[in-house]
Amino acid sequence: MAQQELEREESGEAAAASVERAGLEPARRILITGASRGVGKELAIGLAAPGRTLILLATKLSNLDGTATECEIRGAQIITLGCDLAKESSIREMLRILLEEGASDMVLNSAGVYGEEELPWDTSLEDFQRTIAINVEAPFQLAKTLVPIMLERGGGRILDLSATAASHDSADAVSYYASKTALLRLAASLHLAGYQRGLRVLSLNPGAVKTDMTASMKRYRDRTEWVPLGESVAIAQAFAAGELDGLSGTQVRAGTDSLEKLRELSARGVSGRARRLRLTGWDA
């Protein structure tokens, strides 16, 4: 029975991956969470361009001033919204305001917290719940509201800021690792459910980049070599332009996957099992 279930799973994934890819227009209205600093800020600036509207989110509206200015210099129209992604009511109110202005055709889930670096039994329940709320529940809530609108209009895109934590184990950062694994599962579910209706979902692992978050992490305390943020920016730009739609459902990694290779893979198409979470065998 287990083998039959596996075959059905692989068959469904292959069907979603092999369906003819209708060309989507480049993203014009992009909602970006966590846009006030770090990777989110750099991605927002990189995506700013004439003819494009960026909806920038941060917990405090005033923190978006610098990002908004940089994006406006590059010709983008800017909307800034304050939103506490740890609170369902705050997200709901933000979405109400957003939809009054017009829905987005792309969501970039960049906001995230690392949480406590403690052993699982020493991690507080409050930290675990808050990390899951911001890193997983918030992207779910955005997708639940915005994806149906995207599908009604022929499709759209979701770009999740993923991490090596999505597919690896850790003894002392359970909140973050659990959240990033769950986010990758959410991306896969959205891909399988929406691909044939025009939804494209990509998970971007920026690698070890130097930000305020990584600077505060024990695991990076002695690190001296970093992946340039520009590599993640280039991938995000290509995805927003429609050049990587053929990789929907996968995780790509800046610093390891060259943009040239990703474009080639997208044009050629990948299997339904490429770059997905899987249980290893006993001999792995």
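A residue is called buried when its relative accessible area is under 20%. By that cut-off T123, at 14%, is buried. The model discussed here is a predicted one.

**The surroundings of T123**

- T123 belongs to the loop that runs between β4 (106-109) and α5.
- Leaving out residues up to four places away in sequence, T123 touches E116, E118, V174 and S175.
- Although T123 and A173 are 50 residues apart along the chain, their C-alpha atoms are separated by 8.3 Å.

**D127, a buried acidic residue**

- D127 is situated in helix α5.
- This residue is buried and has no salt bridge. R130 carries the nearest side chain of opposite charge, 6.1 Å away.
- Setting aside neighbours within four places in sequence, the contacts of D127 are G115, E116 and S175.

**Helix α2**

- Helix α2 is mostly covered, with seven of its 10 residues buried.
- Those buried residues are V39, G40, L43, A44, I45, G46 and L47.
- They pack against several strands, namely β1 (29-32), β2, β4 and β5 (156-161), and against the helices α3 (65-73) and α8 (229-240).

**The largest pocket**

- The largest pocket holds about 880 Å³ of space. Its lining is made up of 41 residues, and those closest to the centre of the pocket are S110, A111, G112, V113 and M213.
- At least two lining residues come from each of α2 (38-47), β2 (53-58), α5 (125-152), α6 (174-194) and α7 (212-215).
- By residue type, the lining of this pocket comprises 19 nonpolar, 14 polar and eight charged residues.

**The second largest pocket**

- The second largest pocket has a volume of about 200 Å³.
- Residues lining the second largest pocket include A165, A166, S167, H168 and D169. Y177, A178 and T181 also belong to this lining, as do R276, L277, R278 and T280.
- Its lining divides into five nonpolar, four polar and three charged residues.

**Salt bridges**

- The model contains 10 salt bridges in total. Side chains of opposite charge can pair when their charged atoms come close.
- D84 and K87 form one of these pairs, with an N to O distance of 3.9 Å. Both partners are partly exposed: D84 has a relative accessible area of 24%, and K87 has one of 48%.
- E88 and R92 form a salt bridge at 2.5 Å, N to O. The two residues are four places apart in helix α4 (residues 88-101), so about one helical turn separates them. An α-helix has 3.6 residues a turn, so residues three or four places apart point the same way. E88 is partly exposed at 43% relative accessible area, and R92 is likewise partly exposed at 46%.
- R268 is joined to E264 by a salt bridge in which the closest N and O atoms are 3.5 Å apart. Both residues lie in helix α9 (residues 259-268), where they are four residues apart, about one turn of the helix. R268 is exposed, with a relative accessible area of 55%, whereas E264 is partly exposed at 40%.
- E93, R96 and E100 are connected in a network of salt bridges.

**A positive phi angle at R275**

- R275 has a phi near 50°, which is a positive value in a residue other than glycine.
- R275 is located in the segment after α9.
- With a relative accessible area of 42%, R275 is partly exposed.

Methods: Residues are numbered from 1 along each chain as its sequence is written. This is a predicted model: local features need pLDDT of at least 70, side-chain atom pairs count only at pLDDT 80 or more; totals for chains, interfaces and linings use all residues. Side-chain values use heavy atoms; hydrogens and water are left out. On a 1 Å grid over the protein atoms alone, a cavity is a set of points where a 1.4 Å probe fits but cannot get out, and a pocket is an open set with protein on both sides within 12 Å along at least five of seven lines; lining residues have an atom within 4 Å of a point. Grid points are joined across faces, edges and corners, and a volume is the space filled by probe spheres set on the points. Ala, Val, Leu, Ile, Met, Phe, Trp, Tyr, Cys and Pro count as nonpolar, Asp, Glu, Lys and Arg as charged, and the others, Gly among them, as polar. Buried means under 20% relative accessible area, exposed over 50%, partly exposed in between (1.4 Å probe, protein chains only). Lys and Arg count as positive and Asp and Glu as negative; His and the chain ends are not counted. A salt bridge is a side-chain nitrogen of Lys or Arg within 4 Å of a carboxyl oxygen of Asp or Glu. Contact means heavy atoms within 4.5 Å.
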